[in-house]
Amino acid sequence: MATTTTDNVGVSQTSKRKAAASNSDENGMNAVTYSKYGGSDVLEVKTIDKPVIEDDEVLVRVHAAGVDRGVWHLMMGQPYPIRLVGFGLRAPKNPVLGMDVAGVVEAVGKNVTRFQSGDEVFGIGTGSYADYARAHEDKLALKPANLTFKQAAVVAISGLTSLQGLRDHGRVEPGQQVLIIGASGGVGTFAVQIAKAFDAHVTGVCSTAKMDMVQSIGADQVIDYTREDFAERKQHYDLILDIGGNSSLARLRGALVPDGTLVIVGGETGGRWLGGVDRQLRALVLSRFVSQKLDTFVSSENHEDLIVLKDLIESEKVTPVIDRTYPLAEVSEAIRYLEDGRAKGKVVIA
């Protein structure tokens, strides 16, 4: 069974939480809002109206919410193309931040068939940094029985990315040599455990301070990138999952077997227009001309794969790794902590 790291509570301010709680009433709620794109200083905790759900949506009373790089990108409005796909061109279309969610169903739309009031659920919602969030029923599942709300809140986005990257795009098989670059992060900690659940031999790449944690969740080998270059090893891999890295395609291909597979999950080059996507686009083009498969993808947010994650968790093959917990009033601090790259696993808002 995988182990979790110590759940350290972020520097909490009880007075902030009490003040926020006193501001909400039956018709309103506390929420982390932003009216313009920018750094964490654009975020503000306000009392606003509860969300109104559509016929195929669920209203969730939020117990906890996860923090991931996607939240940072939405807050910043970068790379710019995300503004063109429905998130708001000049300002955020949805004024409440947050996607990963775990909580209790408060109400359901008339077309919802999977859930009813009182169900404990997890998944992906709209505006989860609030007392209440909307979610489409296809993006929720019943909470794993062996998880707390805080643990369940960090599963959906990172877990789906890991599962689909390894199973659907990497086509991982038992006995394969799998290299996971970025093994200590939110996606990486799920990827290590899911690859092991598929009976692969897993090598994780991370910094010195995070090696023990990566080994504790099942990695067979751990490479400290501050001391050793994975590309200069004699070892070659059947599958490489590159999570938010910046290695060149030549270096990555050099570490693959001749018919191996590279799956690029993300890239953080800081570019305002492409933000690392240029490397992924080049990989797709190059893949047509080489024997290796070079792939990338956008994860699918769906109920069926949430059930797969639920089963892996309840069978104790996967356990969320939580580094720190912050209260709602300190979402800004939580995002800054994640942005600094210090997190071991996931960060959660409770």
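Biologist: How many residues does the largest nonpolar core have, and which of them have the most contacts inside it?
Modeller: The largest nonpolar core has 74 residues, and those with the most contacts inside it are L43, L97, Y129, L166, I180, I335 and I349. Helix 6 contributes the largest share of this core, six residues. A nonpolar core is a set of buried Ala, Val, Leu, Ile, Met, Phe, Trp, Tyr and Cys residues joined through side-chain atoms within 4.5 Å. Buried means under 20% relative accessible area, exposed means over 50%, and partly exposed lies in between (1.4 Å probe, protein chains only).

Biologist: What kind of model is this?
Modeller: It is a predicted model, in which local features need pLDDT of at least 70 and side-chain atom pairs count only at pLDDT 80 or more, while totals for chains, interfaces and linings use all residues. Residues are numbered from 1 along each chain as its sequence is written, and side-chain values use heavy atoms, with hydrogens and water left out.

Biologist: What is the mean pLDDT of the chain?
Modeller: The mean is 88, and 86% of the residues reach 70 or more. pLDDT is the predictor's confidence in each residue, from 0 to 100.

Biologist: Which residues of helix 11 are buried?
Modeller: In helix 11 (residues 331-339), the buried residues are V331, S332, A334, I335, Y337 and L338. Their cover includes strand 2 (28-33), strand 4 (57-67), helix 2 (69-76), strand 15 (322-326) and strand 16 (346-349). Just after helix 11, G341 takes a positive phi of about 80°.

Biologist: How many helices and strands does the chain have?
Modeller: The protein chain has eleven helices and 16 strands. Both are DSSP runs numbered from the N terminus: helices are H or I with at least four residues, and strands are E with at least two.

Biologist: Is G123 buried or exposed?
Modeller: G123 is buried, with a relative accessible area of 0%. This glycine lies in strand 6 (residues 120-124). Not counting residues up to four places away in sequence, G123 touches M99, D100, V101, K139, L140, A156 and L306. The C-alpha atoms of G123 and A141 are separated by 6.3 Å, and these two residues are 18 residues apart along the chain.

Biologist: How many salt bridges does the structure hold?
Modeller: It holds 16. A salt bridge is a side-chain nitrogen of Lys or Arg within 4 Å of a carboxyl oxygen of Asp or Glu. One of them joins K196 and D220 (2.9 Å, N to O). K196 lies in helix 6 (residues 186-197) and D220 in the loop between helix 7 (211-216) and strand 11 (221-224), so this pair ties together parts that are 24 residues apart in sequence. K196 is partly exposed, at 28% relative accessible area, and D220 is partly exposed too, at 33%.

Biologist: And what does R227 pair with?
Modeller: The side chain of R227 meets that of D224 in a salt bridge (3.5 Å, N to O). D224 is buried at 5% relative accessible area, whereas R227 is exposed at 70%. Elsewhere, salt bridges that share partners join R114, D138 and E304 into one network.

Biologist: How much of the chain do buried residues make up?
Modeller: They make up 53% of its 350 residues. The chain exposes about 15500 Å², of which carbon and sulfur atoms supply 49%. Accessible areas come from the Shrake-Rupley method with a 1.4 Å probe, and for residues only the protein chains shown count as cover.

Notes:
Contact = heavy atoms within 4.5 Å.
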